[in-house]
Amino acid sequence: MAVLFVLAKLLFRPKKLLHMFNKKKKEEEPVMETNVTEENLENIPTENTEENTETAEVKEELSVEEKLKNDVAELNDKYLRLFAEFDNFKRRTQKERVDLLQTAGKDVVVSLLPVLDDFERALKSTENATDVAPVREGILLVQTKLKSILSQKGLKEIQSINTEFNTDIHEAITQIPSPTEEQKGKVIDELEKGYTLNDKVVRFAKVVVGA
């Protein structure tokens, strides 16, 4: 009787009966897994990270390539500028060298012009000269003037008589028996004077050496 009473009561309450049926159905239905497994959680961000890494590497390679191209262009520009400057320097140096060779003796020649004038005046004075002494005196004055000018330019005579024979400054023309033992190996006579220009030999002295 009690069961019949409950069933009758439920029939008169269809909403409650429907609620109980739905509740039972939900309990019987399998529960869907809504949680993501650890493996999926690891795989998803890993794939995204790999894609981001590859993209970053490509960008980095492109940036490095562009940087190298810029460096090459800059170095090439510096090389071209340096080459042009060196070429201009070489041409300028060659021109200066040619000019120097053409005018190297200009200073010396100009300084010797007064001596040349003195020689011309001396020659004129000897045309009607009867006394040799004044002529000789004039020639000595011209010689002294010439030596003074050359000395100012760095020219010096090599002193050879009674000095030890030295192949660095002397050129032996011949040997003769020395008058004394002390003169053996020394310069006895000088046939042509030697000169140095700024301490560098420009002409060797031609000498006779005692044997």
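Twelve salt bridges are present in this structure. The model is a predicted one. The tour visits some of the pairs, then turns to helix H4.

**Stop 1: helix H3**

Select lysine 69 and glutamate 65. Their side chains meet in a salt bridge, 3.7 Å from N to O. Why do these two residues sit about one helical turn apart? Both belong to helix H3, which spans residues 38–103, and they are four residues apart, so about one helical turn separates them. Now colour the pair by accessibility. Lysine 69 is exposed, because its relative accessible area is 53% and the cut-off for exposed is over 50%. Glutamate 65 reaches 41% and counts as partly exposed.

**Stop 2: glutamate 190 and lysine 193**

Move on to glutamate 190. Which residue does glutamate 190 form a salt bridge with? The partner is lysine 193, and the closest N and O atoms are 3.7 Å apart. Is glutamate 190 buried or exposed? At 19% relative accessibility, glutamate 190 counts as buried, since buried means under 20%. Lysine 193, at 34%, is partly exposed.

**Stop 3: across two strands**

Select glutamate 192 and arginine 203. Their side chains form a salt bridge with an N to O distance of 3.8 Å. Glutamate 192 lies in strand E3 (residues 187–192) and arginine 203 in strand E5 (residues 200–203). The pair therefore ties together parts that are eleven residues apart in sequence. Both ends are partly exposed: glutamate 192 has a relative accessible area of 28%, and arginine 203 has 35%.

**Stop 4: the surface of helix H4**

Turn to helix H4, residues 106–125. Valine 109 has its place here.

**Stop 5: aspartate 118**

Stay in helix H4 and select aspartate 118, which also lies there. Its relative accessibility is 15%, so aspartate 118 counts as buried, given the limit of under 20%. Which residues does aspartate 118 contact beyond its neighbours within four places in sequence? Show Val142 and Lys145: aspartate 118 is in contact with both.

Terms used
Residues are numbered from 1 along each chain as its sequence is written. This is a predicted model: local features need pLDDT of at least 70, side-chain atom pairs count only at pLDDT 80 or more; totals for chains, interfaces and linings use all residues. Side-chain values use heavy atoms; hydrogens and water are left out. Buried means under 20% relative accessible area, exposed over 50%, partly exposed in between (1.4 Å probe, protein chains only). Contact means heavy atoms within 4.5 Å. A salt bridge is a side-chain nitrogen of Lys or Arg within 4 Å of a carboxyl oxygen of Asp or Glu.
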